[in-house]
Amino acid sequence: MTETLRRIAIDPLSRVEGHGKVTLLLDDAGHVHEARLHIVEFRGFEAFIVGRPYWEVPVVVQRLCGICPVSHNLCAAKALDAVVGAVPPPSAVKLRRLMHAGQLLQSHALHFFHLASPDLLFGFDSDVSKRNLIGLVEKHPELAKKGVLLRKFGQQVLEAVYGKRIHGTGAIPGGVNRHLAIDARDAFLKQLPDIKAWSLDAVALARELTLKNVERHKGFGTVPSALLSLVAADGSLDLYDGGLRAKDADGRVLFDGLDASSYRHLIKEEVRPWSYMKFPYLAAMGPESGWYKVGPLARLQVCDRLSTPLAEAARRDFLASTTGINHAPLAFHWARMVELLHCAEDIEHLLHDEALVMGELVSTGERQREGVGIIEAPRGTLIHHYEVGEDDLITRCNLIVSTTNNNQAMNEAIRSVARQYIEGHRITEGLLNHVEVAVRAFDPCLSCATHAMGKMPLEVSLVDARGEVVSSLRRGDA
Amino acid sequence: MKARVLVFGWGNPSRGDDGLGAAFVGEAARRSDVEMLVDYQLQPEHALDLVGRDEVLFVDASTSGKEPFEVFELTPGPHVTVSTHHLSPGGLLAVYQRVTGKPPPRARLLAIRGWQFGLGEQLSERARQNLDAALGWWRSEAGAALAP
């Protein structure tokens with residue numbers, strides 16, 4: 001960065017410690033030179049974990065995120081399976097897959113019905129007070145109701161396996177704690193026809209809204225990059241397990257079928273002085289060009305197929321909408337709904353498996369010093385890596401959460417959007433709206449570890465090279 | 001049969017005073033017609049937890065309110081956010097209204113002032129004092145029929 005660059009700061013959620021602040025650096029000509037999305041959460045949590053007994057970790061890490069605590073629970077348990085030297089028994093794996101599908105369904109429903117569909121339905125330039133869930137329910141009450149009920153279903157699945165709403169102990173090192181009760185299974189099976197039908201409706205709506213604005217979406221924050229996901233041995237998407245596969249921006253396979261422990265050789269993490277969040281990149285491509293996307297948009301294009309028929313048909317339809325790899329951030333929304341349908345189908349498939357209600361739950365093995373777990377969380381690839389001392393205490397923890405994996409991709413998308421929509425040297429509502437839409441497509445974990453009331457304004461500031469605020473906008477929280 | 005009153009605290013116990021809502025629910029005096037609920041944060045499906053209630057008390061930490069706590073009457077209201085990671089109580093009431101087609105139950109927010117929101121499981125000393133004051137308010141609010 002040169003001293004002549006100007007800074008525009010966009011502070012969407014300064015919740016407690018400046019989470020989710022966006023800074024736009026302008027050059028002398030007033031062009032956006034760089035975008036910086038500041039997120040502060042996760043590195044502190046790594047230090048927080050060190051010194052704790054390993055068996056406590058799958059519960060503690062659930063507090064990393066109020067939206068996807070199950071993903072952290074499962075990822076930690078997978079890493080610690082390796083530490084206890086265990087291969088979880090089939091019943092445990094299937095129960096974990098059920099939890100994971102429930103979590104993904106719930107999280108994807110939240111994102112689409114709560115955040116994305118208002119953007120898509122009402123447009124980026126519409127009244128901000130309408131471009132949210134409340135606006136959505138006013139105009140489309142049935143749609144909003146389905147969103148709430150889909151989320152409730154996912155929540156019920158999780159409660160049934162975890163035993164309670166939060167702080168549960170679903171997955172533990174080597175397995176899980178409990179079977180699914182037969183009456184709960186039967187109740188879920190009765191709800192599945194509705195859940196699948198609503199999921200199909202969501203796919204159709206996301207498709208319609210995307211195709212209606214396809215030309216605008218194509219150019220909105222679109223920046224080509226590599227893609228990363230877990231893929232099963234047969235090439236199908238595996239959200240719970242599998243090998244790492246990466247493709248370059250044109251869709252050529254860079255590596256495939258690599259196990260979790262190889263992540264440290266495949267992915268390097270760059271630290272930059274202005275952010276607490278790391279910048280991962282594919283080691284073979286270097287930090288400049290090796291950044292990548294994770295999450296639904298990447299997953300549907302990295303895998304060869306989905307294992308469930310309705311979702312696979314929807315995936316093919318999605319792929320047919322573009323030529324080559326689709327890098328448009330707004331395509332995340334449609335891809336997310338294809339995955340929602342996949343999870344609904346997968347839950348139905350799992351619920352017919354007797355292993356959910358009987359069979360061994362935990363296995364043991366020879367104790368190891370470290371373990372790596374990787375899972376496809378709702379927002380993308382999630383990596384937990386632990387080293388454990390002979391006294392059973394964690395000695396090192398490395399987390400690469402989905403939002404971190406998407407870090408540079410988000411910055412690039414914001415930069416692209418800001419370049420397109422900036423008007424002079426002022427922060428306008430229009431610029432703010434468009435930056436928000438780009439951020440929302442990725443749905444980063446902006447401040448999921450704290451939720452206190454207050455400090456929820458949307459604040460936009462223009463700061464000159466001397467550090468003085470010359471323009472600002474503030475959007476309050478009701 | 002659902003309890004007539006719901007007390008719903010939320011927050012993250014690993015974030016110091018952000019856990020005030022959860023701590024309140026953990027320590028608040030019980031009464032048979034009051035259900036206690038705790039979660040990490042508010043979500044749209046929580047609207048279904050409000051169904052059939054006469055009254056709801058939301059409890060959260062406050063980063064900038066008055067000490068030791070404040071109590072606000074809530075009405076359904078707009079909500080603006082950039083992420084799925086936050087829903088306001090007023091926004092939740094609006095979701096309830098639209099999903100059920102009925103006006104929401106009476107709802108208040110008990111906002112307990114917190115001071116330390118860094119990683120750590122302990123409430124700060126000032127937050128602890130504020131929590132005790134809020135618990136005292138609740139005892140008086142809930143009346144003489146409280147269980148021990």
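A:Thr308 counts as buried because 22 other C-beta atoms sit within 10 Å; the cut-off for buried is 20 or more other C-beta atoms within 10 Å of a residue's own, with C-beta atoms placed from the backbone. Keep in mind that this is a predicted model, where local features need pLDDT of at least 70, side-chain atom pairs count only at pLDDT 80 or more, and totals for chains, interfaces and linings use all residues. Residues are numbered from 1 along each chain as its sequence is written, while chains are lettered from A and ligands numbered from 1 in the order in which they are written.

**Around A:Thr308**
- You'll find A:Thr308 in the loop between helix 11 (296–302) and helix 12 (309–320) of chain A; helices are DSSP runs of H or I with at least four residues, numbered from the N terminus.
- Leaving aside neighbours within four places in sequence, A:Thr308 is in contact (C-beta atoms, placed from the backbone, within 7 Å) with A:His342, A:Glu345, A:Asp346 and A:His349.

**Helix 13**
- In helix 13 of chain A, 19 of the 21 residues are buried, so the rest of the structure largely encloses this helix.

- Beyond its neighbours within four places in sequence, A:Leu98 is in contact with A:Val157, A:Val161, A:Leu180, A:Ile347, A:Leu350 and A:Leu356.

**Helix 15**
- Among the buried residues of helix 15 of chain A are A:Met410, A:Ile414 and A:Val417.

How values were computed: A residue is buried if 20 or more other C-beta atoms lie within 10 Å of its own, exposed if 12 or fewer, and partly exposed in between; C-beta atoms are placed from the backbone. Helices (H or I, at least four residues) and strands (E, at least two) are DSSP runs, numbered from the N terminus. Two residues are in contact if their C-beta atoms, placed from the backbone, lie within 7 Å.
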